Amino acid sequence: MIHQPQHAPPPSKGFDLSRWHFDIDAYLNPYLPAPPWRWLPRPVSHFFGYRGDRPPKAVGNLVIAFWALIGAFCGVLVIAEVSLHVPSFQAHHAPIIVASFGATAVLEFSAIDSPFAQPRNMIVGQLAASIIGVAIGKLFALSPHAHALPQVGGALACAVTVAFMAITNTTHPPAGATALLAVTEAFEMGWYLVPVVLLGCVLILSVALLINNIQRRFPVYWWTPHSLARPKLEDAESVRHEKAPSVKATESEDSITDAPEQIIIRRGEVLMPDNLWISAEEREVLERVSQRIQ
């Protein structure tokens, strides 16, 4: 007779995949200052996405489509025009515009509430992709058969870029195309691709700040959706004893108060704190609820 154990042994903790996690923000955020937008004049801070205690108003998809049309046109046109008037770009055979910025324009002017569209993701993702792509292209160029294997170099550059963005919380889908182009299409540019991409990021972000803040709000956050505000001195003792978390998932980085956040729904009106981020679809649901209140 074969003896069957009634209880299986507990799984080894060494193979617990949930423990295989690295959060770079846990190491960086304690040393980063909160954004200074609240100290700037209100007309200026408005175009940096700061609203203070005034929640942004919800807009319909027709308004979103209109401003996305204007923003994408202006953003792509500005990058192309500037590139055409930089002599060093032409000397290094730079394209009129790196093709991946077309996909970036979709995020920066249409899906502006997406984490992928926020400045940290866009700038760090695109910059890292260009550096990784050029570096891998240079490594493959050391082989005499490098030009016969562009598909391998491009796939490796894209894969490394995706992994880097996942670890650093900077995922920006168009950056995958940038890394691929650095090996397959823009190989002759070499390291000059990096300043070309960086300039494109700065230009498209500048246009996005101007266009998106006319009737909407952009960005939702600059670095992280969590609070970067330091705990108050009088609360330090209670935080130490109660072991209260210093960061809440629903607090934005420009929060300067520890008061609990509340969403107030009245008849035909929704009052929401500015540092609580919700999507346009969620906002629409709340407004429908307010309209049903008798």
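**Entry 1**

I looked up Asn 169 and found it partly exposed, at a relative accessible area of 32%. Here buried means under 20% relative accessible area, exposed over 50%, and partly exposed in between (1.4 Å probe, protein chains only). Asn 169 sits in the loop between α7 and α8. Its phi is near 60 degrees, a positive value in a residue other than glycine.

I then turned to His 93, where phi is also near 60 degrees. His 93 belongs to the loop between α4 (87-91) and α5, and I note it as exposed, with a relative accessible area of 58%.

**Entry 1: what I am reading**

The model is predicted: local features need pLDDT of at least 70, side-chain atom pairs count only at pLDDT 80 or more, and totals for chains, interfaces and linings use all residues. Residues are numbered from 1 along each chain as its sequence is written, and side-chain values use heavy atoms, with hydrogens and water left out.

I checked the confidence, pLDDT (the predictor's confidence in each residue, from 0 to 100). The chain averages 83, and 79% of the residues score at least 70. Where is confidence lowest and where highest? Helix α10 (residues 236-242) is lowest, at a mean of 51, and helix α5 (residues 100-109) is highest, at 97. Over residues 243-252 the pLDDT is below 50, and I find 17 contacts there beyond near neighbours in sequence. A contact means heavy atoms within 4.5 Å. Residues 255-259 also stay under 50, with 6 contacts beyond four places in sequence.

**Entry 2: the fold**

I read 11 helices and 2 strands in the chain. These are DSSP runs, numbered from the N terminus: helices are H or I, at least four residues, and strands are E, at least two. Along the sequence the pattern is α-α-α-α-α-α-α-α-α-α-β-β-α. Of the 294 residues, 36% count as buried.

I also opened the UniProt record, an unreviewed entry, which lists residues 58-80, 123-141, 148-169 and 189-211 as "transmembrane region". Such annotations may be inferred rather than shown by experiment; feature names are shortened, and positions are given in the numbering used here. In the model, residues 58-80 are 87% helix and 0% strand, with the end C-alpha atoms 32 Å apart. Residues 123-141 are 100% helix, with end C-alpha atoms 27 Å apart.

**Entry 3: inside**

In helix α8 (residues 174-184) I marked several buried residues, among them Pro 174, Gly 176 and Val 183. Their cover includes α5, α6, α7 (150-168) and α9 (193-212).

How many salt bridges does the structure hold? I count 1, taking a salt bridge as a side-chain nitrogen of Lys or Arg within 4 Å of a carboxyl oxygen of Asp or Glu. The side chains of Arg 120 and Asp 25 form it, at 2.8 Å, N to O. The pair links distant parts of the chain, with Arg 120 in helix α6 (residues 119-141) and Asp 25 in helix α1 (residues 25-28), 95 residues apart. Both Arg 120 and Asp 25 are buried.

I found a cis peptide bond between Phe 218 and Pro 219, with omega about -5 degrees. Pro 219 is in the loop between α9 and α10.
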